[in-house]
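Here is a short tour of one protein model, starting with its strands and ending with its nonpolar cores. Please keep the structure open while you read.

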Amino acid sequence: MARLTINGRSLEVNVNPNTPLLWAIREQAGLTGTKYGCGIAQCGACTVHVDGVAVRSCMMPVAAVAGKKITTIEGLATGTTLHKVQKAWLDHEVPQCGYCQAGMIMAVAALLKDKPKPTDADIDARITNICRCGTFQQVREAIHAAAKA
Ligand code: FES
Ligand code: FES
């Protein structure tokens with residue numbers, strides 16, 4: 001058992017403490033926007049925020065995040081107002097199949113919080129998410145647009 005706070009909602013999850021946070025988010029909280037890709041912290045599809053920091057939830061045990069503030073893609077907007085990264089994603093038509101995009105957006109939102117005007121080098125260093133559809137150029141353009149918003 002662990003008590004998690006996800007997108008401002010507190011819930012008790014009945015899982016082994018070593019269970020990856022990703023499964024608590026998807027199966028206990030029912031929030032399926034966060035995706036499973038590799039399961040070994042390589043692809044970034046499962047990225048969420050824990051106390052504002054981007055983490056790969058497939059390798060983060062539930063026990064390590066109890067009492068912390070977890071935000072998933074479903075909690076990134078403020079009410080009906082999209083986060084500036086979500087808006088830039090729409091404006092630049094970034095997604096193709098979309099599978100990697102929730103994790104990509106969460107990673108970018110955390111980047112812009114730390115570095116509001118990232119350079120291409122900052123983007124290369126911090127956004128290491130993998131997109132099988134090859135949206136990397138659109139991602140870069142949308143990041144720069146969001147940084148100007
Ligand atoms: S599923 Fe977590 S990094 Fe790939
Ligand atoms: S948009 Fe298809 S994997 Fe990234």
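How many bridges join strand 3 to strand 5, and in which sense do the two strands run? In this predicted model, strand 3 and strand 5 (residues 69–71) are antiparallel and are joined by 2 bridges. Strand 3 has another antiparallel partner in strand 4 (residues 53–56), with 4 bridges between the two. The hairpin formed by strand 3 and strand 4 has 2 residues between the strands, and D51 adopts a positive phi near 50° there.

| Residue | Bridge partner | Strand of the partner |
|---|---|---|
| V48 | V55 | strand 4 |
| V50 | I70 | strand 5 |

Strand 3 (residues 47–50) is covered on both faces: T47 and H49 are buried on one side, and V48 and V50 are buried on the other.

In soluble globular proteins, nonpolar side chains tend to be buried together. The largest nonpolar core here has 24 residues, and the members that touch the most others are V85, W89, M104, V108, L112, I127 and I143. At least two residues of this core come from each of helix 2 (84–91), helix 3 (101–114) and helix 5 (136–148). Helix 3 gives the largest share, 9 residues.

What surrounds W89 beyond its neighbours within four places in sequence? W89 is in contact with V94, P95, Q101, M104, I105, V108, V139, A142 and I143.

A second, separate core has 17 residues, including V15, V48, V50 and V65. This brings us back to strand 3, where V48 and V50 lie buried on one side.

Key
Residues numbered from 1 in each chain as written. Chains lettered and ligands numbered in written order. Predicted model: local features only at pLDDT ≥ 70, side-chain atom pairs only at ≥ 80, totals over all residues. Heavy atoms only, no water. Buried < 20%, exposed > 50% of the residue type's maximum accessible area, 1.4 Å probe, protein only. Pairing = 2+ DSSP bridges. Core = buried A, V, L, I, M, F, W, Y, C linked by side-chain atoms within 4.5 Å. Contact = heavy atoms within 4.5 Å.
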